[in-house]
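Please look at the sequence and the model below.

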Amino acid sequence: MIIVTGGAGFIGSCLHAALRRRGVRTVVVDRLRDGVKWCNLASHAPDRIITPDALEGFLASEPDVEAVFHMGAVSATTARDGDLVWSSNVDLSQTLWRWCAARGVRMIYASSAATYGAADRPEMFRDGLENIDGLRPLNLYGWSKQAFDLWVKREIESGAPVPPQWVGLKFFNVYGPNEYHKGSMISVVKVKYDEVVQGHAAKLFCSDVPGLADGQQRRDFIWVGDVVNVMLWLFDHPEVSGLFNCGTGVARSYLDLAHAVCDAAKRARDVEFVNMPQKLRGQYQSFTCADMSRLRAAGYDASFTSLEDGIGQYVRDYLSRPHPNL
């Protein structure tokens with residue numbers, strides 16, 4: 001069996017769907033509550049769903065587990081409750097790591113490109129444990145992910161037990177189906193699609209970086225299907241361990257994204273620039289671009305979906321349909 005924490009969330013549920021297509025027995029650790037997250041599992045129900053509060057008791061029952069995909073986290077970049085974020089993103093991650101190490105269970109976990117903070121040049125986005133000490137995340141969420149990566153580094157350097165395969169993935173800007181429950185943290189692609197199909201202009205933040213034109217903030221946007229492919233490849237290659245970036249290696253502008261959404265939705269290209277909210281100023285990454293050389297060197301050779309093709313697939317196969325879930 002495979003445990004997927006955050007398995008009813010965005011990336012976790014897309015991964016879970018792929019695992020179920022393989023016929024794998026799964027346990028999802030998540031809270032469905034009274035919202036729409038259950039729809040993310042409607043087409044591929046797990047063998048069992050347990051809440052995070054029940055995870056410790058489940059692990060104590062010594063289940064026969066092959067691997068843990070730890071995708072669960074407080075993922076809002078605007079999160080303010082430091083105690084909750086530490087408990088969810090660091091304490092729980094440490095508990096799972098120790099459990100996997102003690103029982104010989106493989107562990108693949110979600111780190112984040114938010115750990116790179118104000119990095120603004122391609123050479124500043126190098127992955128690997130040896131490159132993380134000097135990173136300065138801009139928000140609580142990114143700091144929590146950095147804190148766990150640093151803890152992993154200390155565990156390995158101290159000679160403490162480690163899982164037989166361990167992988168941290170620094171996800172860049174992921175978009176695709178099953179993100180609809182994420183509220184303000186939903187991808188820019190979905191937000192722009194909603195705007196243009198309602199007959200409005202696609203609104204983009206004005207640049208808050210001197211010398212950077214409006215709409216030219218650039219991010220590494222990655223289709224969720226590519227993210228799943230990376231995780232499945234790692235699962236199929238248990239000899240590969242390490243801290244890896246998970247992006248495309250290409251930075252695209254927000255103006256490119258807005259135009260691609262308009263084109264996919266068959267609307268005229270209409271973009272309006274608005275002032276950046278005060279709460280985001282000084283915490284906004286105006287450039288991200290994954291250095292993918294480490295994952296390539298490990299043997300991953302699949303191509304990544306272009307921004308235009310990914311947005312086209314998202315709109316055509318999901319957003320324009322009555323039931324847009326995977």
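Two strands pair if DSSP finds at least two bridges between them. Helices (H or I, at least four residues) and strands (E, at least two) are DSSP runs, numbered from the N terminus. This is a predicted model, in which local features need pLDDT of at least 70, side-chain atom pairs count only at pLDDT 80 or more, and totals for chains, interfaces and linings use all residues. Residues are numbered from 1 along each chain as its sequence is written, and side-chain values use heavy atoms, with hydrogens and water left out.

S5 and S6 run parallel and are joined by six bridges. Within this pairing, Leu 169 of S6 lies opposite Ala 110.

Six of the six residues of S6 (residues 166-171) are buried, meaning under 20% relative accessible area with a 1.4 Å probe, protein chains only. Trp 166, Gly 168 and Lys 170 point one way, while Val 167, Leu 169 and Phe 171 point the other.

Ser 111 belongs to S5 (residues 106-112) and has a relative accessible area of 1%. Its contacts (heavy atoms within 4.5 Å), leaving aside residues up to four places away in sequence, include Leu 169, Phe 171 and Leu 243.

Technical notes
Buried < 20%, exposed > 50% of the residue type's maximum accessible area, 1.4 Å probe, protein only.
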